[in-house]
Amino acid sequence: MKHVTEFRDPALAKFLLADIARLCDQIGATREKPVHIMEICGGHTHAIFRFGLDKLVHEGIEFIHGPGCPVCVLPMSRVDECIEIAEREGVIFTTFGDAMRVPGARGSLMQAKARGADIRMVYSPLDALEIARRNPDREVVFFGLGFETTTPSTAFAIQAAAREGLFNFSVFCNHITVPEPIRALLGDPHMTLDGFIGPGHVSMVIGTHPYDFIAQEFGKPIVVAGFEPIDLLQSVVMVLRQVAEGRAEVENQYARVVPEHGNPASMAAIADVYERRPSFEWRGLGEIDASGLRIRPDYAAFDAEAKFGVGYGAAGPRHVPEPEGCACGAVMTGRIKPTACPQYGLGCTPETPLGALMVSSEGACAAYWQYGGARGAAA
Amino acid sequence: MALRDSHVTMAHGGGGRAMRDLIAEVFTAVFQPPGMEDQARLMDAALQEPGARLAFTTDGYVVSPMEFPGGDIGKLAVCGTINDLVVGGARPLWLSAGFIIEEGTEIALLRRIVASMAREAEAAGVRIVTGDTKVVERGAADGVFVTTCGVGVIAPGCDLGARHIRAGDAIIVNGSLGDHGAVIMAARGEFALETELTSDCAALHRIMHAALAAAPDLRAARDCTRGGIASALNELATEAGLGMVLEEAQVPLRAQVRGLCEILGLDPLYLANEGRLVLFVPEEQAQGVLTAMHALPEGAGAAVIGHVVAAHPGQVRMHGSLGGSRIVDMLIGDQLPRIC
């Protein structure tokens, strides 16, 4: 904890907040004309609300909550496909806990589990691998989900399965990448973003260069940041400084963890196991070119899509329309705040979520609800 | 010693000699209930006082793993039911114990669980007076499930409850929060995390007695079990129709619990406790309660963590150390299954 508390130091926070206020005044940012900063990652969204940073910063800062919550952007069709696989005879379906309650058109994995499917929560794909070793007569499927942060661990699990000849193990791959949706957002003519806070743990794997296009092609500043309050406040200062000085660069606030060129071993494992899909559907955002990964043909034996003939491995993925009234897409692109969604708190609550943003603790709606953006400003 | 088996078989639930031997040797020999009849017939002088009330409670225990640092399912089952009684102001007197035992359970484990129940009951001056055992096929239960019921007596004039809570009251806990939940998480070995934490599992009769003596106007008490302190406070805020404000810097948390929560993305306010209670005390009596609690080992870490307010009724908020404030809502879903 020694290394956590120093990133929560109230005196340092006060100092940075003063810096932010000074820069806002210098830029002329006000409540009416705020600087829009998108924190791409759901982990950042959660931290902002948990520590009340949105209320502590100068009113000229508006955080726009980005699409970096893998559970939130998972299309309903993929949840349905999970259930389809999980309900097959002899299958043990393993998943991270956060995916259990995401609603598909046919309910959630939790509901499928209650109906009798053998669905088990695990904390790592290596746990799923262990289940496969212990149950040689069962098909063990791991729900591969997440950005570049979790992709290496499923790649390592598949490599290990291949080495061991563990052919009853497979991965239902839904891995996605961060830079592509940001490119899609920046390409939107209605986009009003002034700068980005980039997910530090993603850059721990991929480094900072995949974000170069944000600065070079679109002229927007991005600061790769850690997850503690001091990290976030400092990265806001760094974004504002760039705005004030008319610069657009990729800066690294999280240099204590993030090497400029990422982690070569993880990158090699990803390149060995995965290739890009031509396109992948994002809930609320639609199909985005080259934004998803699939398992290479060399490892087809471990690809649940191929093994069970579902999703992109079948005739093609079905598109399942969003539930009526669900505005997850508009929230995710920053067009509206969670509280502006007509279903927020009425048809959609954390107990009975309509959209995925209300399910994951990293979803903007769940964060609003949990930390009080929901029912009026906290005192 | 008629019982020779090392593991429980279906025969131990069959109603014949094997069952009789199991019950006699493993259970009644240790618990020594008064008389050998199935039904306990009891008397206590406190019950005859005019105005005295009977308190009655029940709770089932299914914790996995059954043994963990700082306790086991038996200790949990006795302490949990005692605590249910004492937070209502009752002096616990008698417990019942029902066991659902999975075929194949080690009899040595059963003996350890029973010994730990007897030890906790004796320490709290409570008797286990009646019980039941059932054996189910392998897979129909997971090890041993225990249900305890408890009966106690509330002295005349003692009336605790959420409706007595007033704005301005101090909110006090008796020690660091979330230890039990963190221990269970680590003990399951799913995270490959090792800690030196022990569960806070403890009977709270002494601490409650001390608090009542120190604060004659103690308003209400609640044990913070499943759902953690956050859930207990939310329930009480709703029942009392008042708001509560916690000070993050004053909430007692062990560094290891804090660290575990950071790593796993959990909120310690929602982690289970098995030996923690929250008290509502008029501000002017808070210091006296703290002093009384600090004199007992199970109250050594007692602290005022916040206050009751008239604003935002039904809602619990927490002032962060950075200056922000956030809502501490009820737990949604499950942080972790089977913690108690």
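Which residues in H7(A) meet which residues in H8(A)? A:Pro125, A:Leu126, A:Ala128 and A:Leu129 in H7(A) meet A:Ser153, A:Thr154, A:Ala157, A:Ala160 and A:Ala161 in H8(A); contact here means C-beta atoms, placed from the backbone, within 7 Å. This is a predicted model, where local features need pLDDT of at least 70, side-chain atom pairs count only at pLDDT 80 or more, and totals for chains, interfaces and linings use all residues. Residues are numbered from 1 along each chain as its sequence is written, while chains are lettered from A and ligands numbered from 1 in the order in which they are written. Helices (H or I, at least four residues) and strands (E, at least two) are DSSP runs, numbered from the N terminus.

**Helix pairs in chain A**

- By class, the contact of H7(A) with H8(A) has seven nonpolar, two polar and no charged residues. Ala, Val, Leu, Ile, Met, Phe, Trp, Tyr, Cys and Pro count as nonpolar, Asp, Glu, Lys and Arg as charged, and the others, Gly among them, as polar.
- The axes of H7(A) and H8(A) are 9 Å apart, at an angle of about 25 degrees. Axes are lines fitted to C-alpha atoms, for helices over the stretch in contact, and angles run from 0 to 180 degrees between N-to-C directions.
- H7(A) and H8(A) are therefore roughly parallel to each other. Angles under 35 degrees count as roughly parallel, over 145 as roughly antiparallel, 65 to 115 as roughly perpendicular and the rest as oblique.
- H7(A) and H8(A) make a right-handed crossing. A crossing is left-handed if the near helix is turned anticlockwise from the far one by less than a right angle, and right-handed if clockwise.
- Helix H8 (residues 151-164) of chain A also packs with helix H13 (residues 264-273) of chain A: the axes come within 9 Å and cross at roughly 60 degrees. That makes H8(A) oblique to H13(A).
- H8(A) passes H13(A) in a left-handed crossing.
- On the H8(A) side, the residues that meet H13(A) include A:Thr151, A:Pro152 and A:Phe156. Among their counterparts in H13(A) are A:Ser266, A:Ile270 and A:Asp272.
- The contact of H8(A) with H13(A) has seven nonpolar, three polar and one charged residues.

**Parallel sheet in chain A**

- Four strands form an open sheet in the order E4-E3-E5-E6 (chain A), with parallel pairing. Two strands pair if DSSP finds at least two bridges between them.
- Strand E4 (119-121) and strand E6 (169-175) of chain A are the edge strands, and each pairs on one side only.
- Neighbouring strands of this sheet are turned by 25 degrees against each other on average, direction ignored.
- Strand E5 (residues 139-146) of chain A runs parallel to E6(A), joined by seven bridges. A:Phe142 has A:Val171 in E6(A) as its bridge partner.
- Helix H5 (residues 76-86) of chain A packs on the sheet, with its direction at about 145 degrees to that of E3(A).
- Helix H7 (residues 125-134) of chain A packs on the sheet too, touching E3, E4, E5 and E6 of chain A. Its direction makes about 175 degrees with that of E5(A).

**Mixed sheet in chain B**

- An open sheet of seven strands has the order E8-E10-E7-E11-E9-E12-E13 (chain B), with mixed pairing.
- Strand E8 (220-223) and strand E13 (325-327) of chain B each have a single partner strand, so one side of each is left without a neighbour in the sheet.
- The twist averages 25 degrees from one strand to the next.
- Strand E9 (residues 243-247) of chain B pairs with strand E11 (residues 303-309) of chain B in the antiparallel sense, over four bridges. B:Met244 stands opposite B:Val308 in E11(B).
- Helix H8 (residues 283-294) of chain B lies across E7, E10 and E11 of chain B, at about 15 degrees to E7(B).

**Domains in chain B**

- Chain B is divided into domain 1 (10-154) and domain 2 (162-327). Domain bounds come from an automatic or database domain assignment.
- The C-alpha centres of domain 1 of chain B and domain 2 of chain B lie 27 Å apart.
- The contact takes 19 residues from domain 1 of chain B and 20 residues from domain 2 of chain B.
- On the domain 1 side, H2(B) gives the largest share, eight residues.

Definitions and conventions: Two residues are in contact if their C-beta atoms, placed from the backbone, lie within 7 Å.
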